[in-house]
Amino acid sequence: MKIRDRIRELRRVKASQLRPHPRNWRLHPQRQQDALRGILAEIGYADALLARELPDKSLQLIDGHLRAELTPEMEVPVLILDLDETEADKLLALLDPLASLAEADEILYAELAQQVQTQNAALHGVLEEWSAQAHEGTFDDREANRDLEVPEAFQVVVECKDEDEQRELFERLTAEGYSCRLLTL
């Protein structure tokens with residue numbers, strides 16, 4: 001398999017000049033903002049933001065929206081990627097979910113967390129919570145699964161030969177009182 005290097009350059013850019021991606025789907029709760037402020041205060045920037053250059057030469061963020069938002073007056077490290085709009089959308093949609101697929105070694109995490117010293121209350125809270133979860137065997141560092149309640153549902157997926165058959169089946173089942181949604185893959 002041939003793997004392309006899509007990084008064109010590392011550039012330092014004032015964060016307020018970076019354009020947020022219009023389809024950025026990540027929300028950043030106050031707890032995360034506070035913890036990120038803490039790590040930026042104690043460590044600083046230790047990772048680059050990801051962006052692509054638009055035809056007007058402006059830079060559109062793909063990853064690092066919260067870091068840019070929290071440090072608008074700072075010149076920040078940005079990896080400029082050679083991606084078109086479709087590729088940028090793909091990376092935006094998959095980068096964080098791929099990282100969340102990693103599993104945690106609870107014992108190693110608990111040992112590491114015990115060694116970390118911080119004066120920041122938000123960081124201390126994160127370390128304490130995750131350490132307690134690691135000791136209890138309930139540690140899950142994947143934010144997508146945190147506090148997620150999925151109601152019980154019983155569903156049937158029916159594959160139709162074409163759109164007309166799909167519409168006909170949808171109308172028939174809806175008329176019979178079933179709660180239906182159309183899905184096209």
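How many of the 5 residues of strand β3 are buried? The legends below begin with that strand.

**View 1. Strand β3 (residues 49-53) within the structure.** This is a predicted model, in which local features need pLDDT of at least 70, side-chain atom pairs count only at pLDDT 80 or more, and totals for chains, interfaces and linings use all residues. Residues are numbered from 1 along each chain as its sequence is written, and side-chain values use heavy atoms, with hydrogens and water left out. In β3, 4 of the 5 residues are buried, so the strand is largely enclosed by the rest of the structure. Buried stands for under 20% relative accessible area, exposed for over 50%, and partly exposed for values in between (1.4 Å probe, protein chains only). Helices (H or I, at least four residues) and strands (E, at least two) are DSSP runs, numbered from the N terminus.

**View 2. The sheet and its strand order.** The open sheet has 5 strands in the order β1-β5-β3-β4-β2, and its pairing is mixed. β1 and β2 stand at the edges with a single partner strand each, so one side of each has no neighbour in the sheet. Two strands count as paired if DSSP finds at least two bridges between them. Strands of a sheet pair through backbone hydrogen bonds, either parallel or antiparallel.

**View 3. The two partners of β3, strands β5 and β4.** β3 runs parallel to strand β5 (residues 75-81), and 4 bridges join the two. Across this pairing, leucine 49 stands opposite valine 78, and arginine 52 has leucine 81 as its bridge partner. Strand β4 (residues 59-63) runs antiparallel to β3, again with 4 bridges. Here glutamate 53 stands opposite leucine 59. The hairpin formed by β3 and β4 has 5 residues between the strands, and lysine 57 in the turn has a positive phi of about 75 degrees.

**View 4. The salt bridge between arginine 8 and glutamate 53.** A salt bridge is a side-chain nitrogen of Lys or Arg within 4 Å of a carboxyl oxygen of Asp or Glu. The structure holds 17 of them. In the pair shown, the closest N and O atoms are 3.1 Å apart. The pair links distant parts of the chain, with arginine 8 in strand β1 (residues 7-14) and glutamate 53 in strand β3, 45 residues apart. Arginine 8 has a relative accessible area of 43%, so this residue is partly exposed.

**View 5. The salt bridge between arginine 23 and aspartate 89.** The side chains meet at 2.6 Å, N to O. Arginine 23 lies in the loop between β2 (18-19) and α1 (30-42), while aspartate 89 belongs to helix α3 (residues 85-100), so the pair ties together parts that are 66 residues apart in sequence. Arginine 23 is partly exposed at 41% relative accessibility, and aspartate 89 is partly exposed at 23%.

View 6. Arginine 172 is partly exposed, with a relative accessible area of 47%, whereas glutamate 176 is exposed, at 52%.

**View 7. Glutamate 165 in helix α6.** Helix α6 spans residues 163-175 and contains glutamate 165. With 31% relative accessibility, glutamate 165 counts as partly exposed.
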